[in-house]
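Colleague: Hi! Could you walk me through this model while I have it open?
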Amino acid sequence: MFAHGRHGKWTLGQQMQIAVHCPDADRRVLVDSTVVRINPIQDVAILEVQRKLVPPVLDCGVSAGDKYYVHGQSTQAQADATSISHGMVAATELDAHSHIRGDIVAGAGDSGGGCFSVDTGKLVAMVVGSDTRTNKAILVPSAVICSILSDLSATLGAAGAAT
């Protein structure tokens with residue numbers, strides 16, 4: 001599982017409970033997890049979870065103008081703190097951290113939330129924050145997530161082959 005890296009505040013091996021949406025239960029549940037990788041450049045962490053989860057289908061072909069919704073947790077007034085925000089991809093040119101921009105401000109608590117295509121329902125990006133200068137959501141596109149997962153798979157495969 002991927003999560004927003006909280007600007008270096010996570011450590012390898014750190015254990016925590018995270019809230020995830022479970023389609024089979026149609027609600028959010030707490031799941032035990034452990035930080036297994038940290039990518040400080042993209043500001044994401046990879047978590048190993050102690051529950052079988054249905055992974056989202058990734059769409060790596062995001063374009064400017066694509067409409068998305070964010071499944072986040074910026075609505076703290078609700079009992080389950082779940083929020084849905086709608087936005088549009090504003091810019092797809094990667095910045096120095098391999099991030100792109102949305103046209104909305106991500107609320108506090110939306111970091112780590114998935115950006116899903118309005119048209120297909122596929123995961124197109126993950127929120128990692130808001131740019132305070134432009135008031136635009138900062139997103140890690142699915143293509144970057146795929147690259148990180150590919151690198152991780154190659155690393156794990158090489159480690160297994162060496163033993």
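Colleague: Let's start inside: which residues of the largest nonpolar core touch the most other members?
Modeller: Tyr 68, Cys 115, Val 124, Val 127, Ala 137 and Leu 139 do, in a core of 13 residues. Keep in mind that this is a predicted model.

Colleague: Which strands each supply at least two residues of this core?
Modeller: β5 (67-72), β9 (123-131) and β10 (136-141). The largest share, three residues, comes from β9.

Colleague: And how many residues of β9 are buried?
Modeller: Eight of its nine, so β9 is mostly covered.

Colleague: What is Leu 139 in contact with, leaving aside its neighbours within four places in sequence?
Modeller: Its contacts include Tyr 68 and Cys 115, along with Ala 125, Met 126, Val 127 and Val 128. Ser 98, His 99, Ile 100, Arg 101 and Gly 102 are in contact with Leu 139 as well. There is also a second, separate core of ten residues, with Met 126, Ile 138, Val 140 and Val 144 among them.

Colleague: Switching to pairing: in what sense do β9 and β10 pair?
Modeller: Antiparallel, over six bridges. Gly 129 stands opposite Ile 138 in β10. Their hairpin has four residues between the strands, and Asn 135 takes a positive phi near 60 degrees there.

Colleague: How many bridges for β8 and β9?
Modeller: Three, again in the antiparallel sense, and Cys 115 has Ala 125 in β9 as its bridge partner. In that hairpin, with five residues between the strands, Gly 121 has a positive phi near 80 degrees.

Colleague: Last one: which element has the lowest mean pLDDT?
Modeller: Strand β1 (residues 2-4), at 55, while strand β7 (residues 100-102) has the highest, 94. The chain averages 81.

How values were computed. Residues numbered from 1 in each chain as written. Predicted model: local features only at pLDDT ≥ 70, side-chain atom pairs only at ≥ 80, totals over all residues. Heavy atoms only, no water. pLDDT = per-residue confidence, 0-100. Core = buried A, V, L, I, M, F, W, Y, C linked by side-chain atoms within 4.5 Å. Buried < 20%, exposed > 50% of the residue type's maximum accessible area, 1.4 Å probe, protein only. Contact = heavy atoms within 4.5 Å. Pairing = 2+ DSSP bridges.
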